[in-house]
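Subject: Structure for your review

Hello,

The structure is below, followed by notes on what was found in it.

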Amino acid sequence: MNNTWVATSWLSFDADLSWSKARFTGHDPSGVGDYIPGAVATTANLGATIDGLGPWFGAVRLRYFGPRPLIEDNSVKSDSTAITNLRVGYRFDRKTALALDVFNLFDRKVSDIDYYYESQLRGEAAPVNDIHSHPAEPRTLRLTLTYRF
């Protein structure tokens, strides 16, 4: 579901929301389960944008992924993930603008993606089933100078 509300000539809000129920359709005689590992059931992308208010512009965005099953019986799930990004910019003229982006504004320690599988570290007596994660990038800044020809 995609929603946009233009509150004023310089302020707008948007919300992209999705829900799904991903399942395997074939019958599994082993009874492992019908959940699809990594399938996200709930997502949201919420934002507020300021533009057309003099030379300044900006936006704040929240990206959310709900918990997802990591194995077919849904007994192991990932945590949900929420990250906020910010952009502030200034237009010098019709052709030139400077913008600062702050990714992961609140420096959340979350994972972009999780997996569940067996692994064994050096020194461990036997392999262990565990969640393996790819962490989200820490707070990051990007400064962009744009010139349009």
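The largest pocket has a volume of about 180 Å³. A pocket here is an open set of points on a 1 Å grid over the protein atoms alone, where a 1.4 Å probe fits, with protein on both sides within 12 Å along at least five of seven lines; lining residues have an atom within 4 Å of a point. Points are joined across faces, edges and corners, and the volume is the space filled by probe spheres set on them.

This is a predicted model, in which local features need pLDDT of at least 70 and side-chain atom pairs count only at pLDDT 80 or more, while totals for chains, interfaces and linings use all residues. Residues are numbered from 1 along each chain as its sequence is written, and side-chain values use heavy atoms, without hydrogens or water.

The lining of the largest pocket includes Phe57, Arg87, Asp93, Lys95 and Arg148. Strand 5 (81-91), strand 6 (96-103) and strand 9 (140-147) each give two or more residues to this lining, and strand 6 gives the most, with three. Strands are DSSP runs (E, at least two residues), numbered from the N terminus. By class, the lining has three nonpolar, three polar and six charged residues. Nonpolar means Ala, Val, Leu, Ile, Met, Phe, Trp, Tyr, Cys and Pro; charged means Asp, Glu, Lys and Arg; the others, Gly among them, are polar.

The second largest pocket holds about 150 Å³ of space. Of its 13 lining residues, Tyr35, Ala39, Ala41, Pro67 and Pro69 are the closest to its centre. Its lining has seven nonpolar, two polar and four charged residues.

Regards

Note on methods:
Helix = DSSP H or I, 4+ residues; strand = E, 2+ residues; numbered from the N terminus.
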